[in-house]
Amino acid sequence: VLVTRARAQASALADLLSREGAEPVEVPAIRISPLADDSPLRQRVQQLDSYQWVVFTSVNGVEAFWDALDREDRDARAFAGVKVAAIGPATAEALLHRGLRADAVPQEYVAEALVTELRGRVKQGDRVLLPRAEGSRPVLVDDLESLGASVDEVAAYGTVVPEGSQEKAL
């Protein structure tokens, strides 16, 4: 079984597959990279109390956001009064590990299901912060705006293709 997750996240899945009798082959399709300039993210961290929602779409986003929160000398208390959404249970668990319980987690772990979960909860004019990977597809922003939200999308981390991955996959 080809495991394409980033190296830091692939081992747990590979171990599980091995225990079930599969022969996992780890070939990371992406590597998580820090941003060259994280000042827009850090600025949003300082303005956290101006948002009604923060929507996390990955564990990587949670980790990058928490790094920025820490660099700004802030912690989970900065989320007081802010609702939090997670795209799935792993992202919700990463938040819980940092002292936040997600207010919304869809049953299906895709952007469209997350928007469905937030329908009726996100109100007209709500400010939503969306920290995520550079170059993410626009569907989540578009759909949240269609619910009446004002969405601030901010890059929290980058992704790059690891050297040698393409050759190893062949």
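**Helix packing chat**

Mentor: The buried residues of helix 6 pack against strand 4 (53-56), helix 5, strand 6 (127-133) and strand 7 (150-160). Contact means heavy atoms within 4.5 Å. Helices (H or I, at least four residues) and strands (E, at least two) are DSSP runs, numbered from the N terminus.

Trainee: What kind of model is this?

Mentor: It is a predicted model: local features need pLDDT of at least 70, side-chain atom pairs count only at pLDDT 80 or more, and totals for chains, interfaces and linings use all residues. Residues are numbered from 1 along each chain as its sequence is written, and side-chain values use heavy atoms, with hydrogens and water left out.

Trainee: Which residues in helix 6 are buried?

Mentor: Leu-140, Val-141 and Leu-144. Buried means under 20% relative accessible area (1.4 Å probe, protein chains only). Seen down the axis of helix 6, they fall within an arc of 100°, so they line one face of the helix. The arc is that of the directions from the helix axis to the C-beta atoms.

Trainee: At what angle do helix 5 and helix 6 cross?

Mentor: Roughly 20°, and the axes come within 9 Å. Axes are lines fitted to C-alpha atoms, for helices over the stretch in contact, and angles run from 0 to 180 degrees between N-to-C directions. Helix 5 and helix 6 are therefore roughly parallel (angles under 35 degrees).

Trainee: Switching topic: which residues join helix 3 and helix 4?

Mentor: The axes of helix 3 (residues 59-71) and helix 4 (residues 89-97) come within 8 Å and cross at roughly 25°. Val-59, Val-62 and Trp-66 of helix 3 meet Ala-90, Thr-91, Ala-94 and Leu-95 of helix 4.

Notes: Angles under 35 degrees count as roughly parallel, over 145 as roughly antiparallel, 65 to 115 as roughly perpendicular and the rest as oblique. Buried means under 20% relative accessible area, exposed over 50%, partly exposed in between (1.4 Å probe, protein chains only).
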